[in-house]
Amino acid sequence: MRYLLMILALLALPAHARSVTDSAGRVVEVPDEVTTVFAAGPPASVLVYVLKPEALTGWPRALRPEERAYIAEPYRDIPETGRLTGRGGEANLERVLQIKPDLIVDFGSVRDTYIDLANRVQEQTGIPYLLIDGRFDNTAEALRILGEALGVPERGEALASDVEARFARLDALLAEVPEDDRPRVYLARGPEGLETGMKGSINTEIIERAGGRNVADDGGATKGLVNASMEQVIVANPDTIVTWDRNFFAAVQDDPMWQGIDAVQKGRVYLSPTAPFGWIDRPPSLNRMMGLHWMAGLMYPDRWQGDLREDTRAFYKLYYHVDLSDDDLERLLEWAEGRPPK
């Protein structure tokens, strides 16, 4: 099997290449023309789809029926490929070599673990592998790096400029809001609502970026996703809860364990749409730019000027290549108001 992999890797080597430096400082030889890309995980699939959808070889997870209308029609039925990174990584190298992509892209952490994986996969397959920093504040740079690599620098620059304008607009608003006056926010993941992300986690950094204070904060001692206890949530007592889990959202108002939480008492538990991707997470990728508008409006309704209807329609057109029908738009807006599709 190792010999077979070596033969296939040699066949995968690009004939003409150029050098691209990824977010980990790795210099990668990328084909002059990139027509096919294997996304190593869900965040990367969103990034590639947004920039150059025709290059995406497949979704790490096939689209669910409720997600299909929010993806441009030619890309709704591309195959499920599995993932190389993150939870449940199940794609194997033989599968990657069967697809024979011009490039593998991962979008997320650039810790040593992921650098080692990128180097190992690239060595074993002969397929160039770019590792792009997925931190929210790095979004514009990620678009520029991958836009150049995919041969669509103009689109990369246009989207990067749009991201920077959105961030600048929000920063101008937050400059007038003292830290102590900002909402105390908890991200509730899973049907019990007890999985969350610590402050600075790639899954919850949207909270701080949108002007909230993440109550899951131990001063930086813990990173990433954690399982909280109900006692910890009660002590933290957030005044705002956001979730993408419709089961948790449906149950929390009647759950006696949550009744004493300020956010529940004040009716400030909000449900994020997840079609075609989550507005706040799931995965932590370009989709969070839509969530930024939504969360800013929730937390600062008197300061954030915008029309969620028009903002949503424009975002889906610019980023997801789809013109939303009135019915599909209404479904998203109702979802954001706590009435998800049945």
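Okay, so let's start with strand 6, residues 184–188, and strand 10: these two pair in the parallel sense, over four bridges. This is a predicted model, by the way, so keep that in mind as we go.

Now go to strand 11, residues 269–271. It runs parallel to strand 10 too, and three bridges join them. Here the pair to look for is V242, which stands opposite Y270 in strand 11.

Which residues does I241 touch, if we skip its neighbours within four places in sequence? Well, there's Y186, A188, F248, W258, I261, A263, V264, R268, V269 and Y270.

Zooming out, the largest nonpolar core has 95 residues, and I241, W258 and Y316 touch the most other members. Which helix gives the most to this core? That's helix 11, residues 288–299, with eight residues. There's another core lying apart from that one, made of 13 residues, including A91, V96, L117 and Y129.

Next up, helix 5, residues 139–149. This one is mostly covered, with eight of its 11 residues buried. Those are T139, A140, A142, L143, I145, L146, G147 and A149. An α-helix has 3.6 residues a turn, so residues three or four places apart point the same way. And what do the buried residues of helix 5 pack against? Quite a list: strand 1 (17–21), strand 2 (27–31), helix 2, strand 4, strand 5 (129–133) and helix 6 (153–174). After helix 5 comes G151, which has a positive phi, near 80°.

The largest pocket holds about 1400 Å³. It's lined by 49 residues, and the closest to its centre are P43, R83, N203, P283 and P284. Helix 2 (42–51), strand 4 (103–108) and helix 9 (246–252) are the elements that give two or more residues to the lining. You'll remember helix 2 and strand 4 from the helix 5 packing list. And how does the lining divide by residue type? It's 15 nonpolar, 14 polar and 20 charged.

Okay, that's my tour, thanks!

Note on methods. Residues numbered from 1 in each chain as written. Predicted model: local features only at pLDDT ≥ 70, side-chain atom pairs only at ≥ 80, totals over all residues. Heavy atoms only, no water. Core = buried A, V, L, I, M, F, W, Y, C linked by side-chain atoms within 4.5 Å. Buried < 20%, exposed > 50% of the residue type's maximum accessible area, 1.4 Å probe, protein only. Contact = heavy atoms within 4.5 Å. 1 Å grid on protein atoms, 1.4 Å probe; cavity = no way out; pocket = protein on both sides within 12 Å on 5 of 7 lines; lining within 4 Å. Points joined across faces, edges and corners; volume = space filled by probe spheres on them. Nonpolar A, V, L, I, M, F, W, Y, C, P; charged D, E, K, R; others polar. Pairing = 2+ DSSP bridges.
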